Amino acid sequence: MCSSDLSHQLPIESQFISRLEDNLNAEVALGTVTSVDEAVTWLSYTYWFVRMVKNPLQYGIPQVTRDRDPTLMQYRHECVRKAARKLHKCQMIRYVSDSGALSVTHLGRVAANYYIEHETIEGFNAKLSNHMPKSKLLSMVSQAHEFSHVAVREEEFGELERLRDCACMVLPVEGNVENAHGKVNILLQSYLSHAEYGNFALVSDSAYVVKNASRIFRGLAEISMYRGYPQLTYELLQWCKMIDRRVWWKQHPLHQFGLKKTTLLKLEEKNATLDRLVD
């Protein structure tokens, strides 16, 4: 690397504002921010604020506004209030516009604990009900905002179609190989079915999907328990166990210990439940 590369580098700009709602919810859940004024002060400690003051045009702030308000106090107030209104609409915090008070709800605390994005919570609020079969739960989680960045590559279509036909025999796949939520659905079912991938990129995508799905299902289980949905909680806890142990709910429990396929097949053929094996 030559000296000119070191002395002429472009500054790194902040992307903090794109996830302001989630970061604000985390601070409110921790109790470090309890009002709009405290949130405005909290923003002054961020790298986003440092870069915004130095390069306001990069963040859509006219130079006139910067000259009139050097600390951008009014702009920060507007950002916080906009984020607070969004979180209040998602039922993640309670926002009193007159006093500016901010307080966390159980939904916001669960979202902060499990790192669930507010767009995902908004979708769950619209779809969640006490009576949802496993296929609907899988479809709902597959459409979570966390998976919106899963790349859909044309060269993977053939492999995904093969996985859909061979490894997704337990639950119907909602969506198709050409959209993100269909791909997530297929990868999660393929993971539970111990399918082998012919495309290396799918291995990486599968690890990302499984890691996030496990976290989201656990958060959903807490939300369901709080809302008093016993049937839904049971289904969600089954999903949590399935992903943790990589076993379908209808398979023999000994599948999780990596026994030979022939042994497992004989156990299932003879209906050798754990109680019968104990006897």
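Tutor: Buried means under 20% relative accessible area. Keep that cut-off in mind as we look at this predicted model.

Student: Where is Tyr 115 found, and is Tyr 115 buried or exposed?

Tutor: Tyr 115 also has a positive phi, near 55°, without being a glycine. This residue sits in the loop between helix H7 (106-113) and helix H8 (118-127). Exposed means over 50% relative accessible area. With a relative accessible area of 65%, Tyr 115 is therefore exposed.

Student: Which side chain of opposite charge is nearest to Arg 215?

Tutor: Arg 215 belongs to helix H12. Beyond its neighbours within four places in sequence, its contacts are Tyr 114, Tyr 115, Ile 116 and Glu 146. A salt bridge needs a side-chain nitrogen within 4 Å of a carboxyl oxygen. Arg 215 is buried and has no salt bridge, and the nearest side chain of opposite charge, 4.2 Å away, is Glu 146.

Student: At roughly what angle do the axes of H9 and H12 cross?

Tutor: The crossing of H9 and H12 is right-handed. Leu 137, Met 140 and Val 141 of H9 meet Ile 216, Phe 217 and Leu 220 of H12, a contact with six nonpolar, no polar and no charged residues. The axes of H9 (residues 134-142) and H12 (residues 200-227) come within 11 Å and cross at roughly 115°.

Technical notes
Residues numbered from 1 in each chain as written. Predicted model: local features only at pLDDT ≥ 70, side-chain atom pairs only at ≥ 80, totals over all residues. Heavy atoms only, no water. Axes fitted to C-alpha atoms, helices over the stretch in contact; angles between N-to-C directions. Helix = DSSP H or I, 4+ residues; strand = E, 2+ residues; numbered from the N terminus. Left-handed = near helix turned anticlockwise from the far one by under 90°. Contact = heavy atoms within 4.5 Å. Nonpolar A, V, L, I, M, F, W, Y, C, P; charged D, E, K, R; others polar. Buried < 20%, exposed > 50% of the residue type's maximum accessible area, 1.4 Å probe, protein only. Lys, Arg positive; Asp, Glu negative; His and termini not counted.
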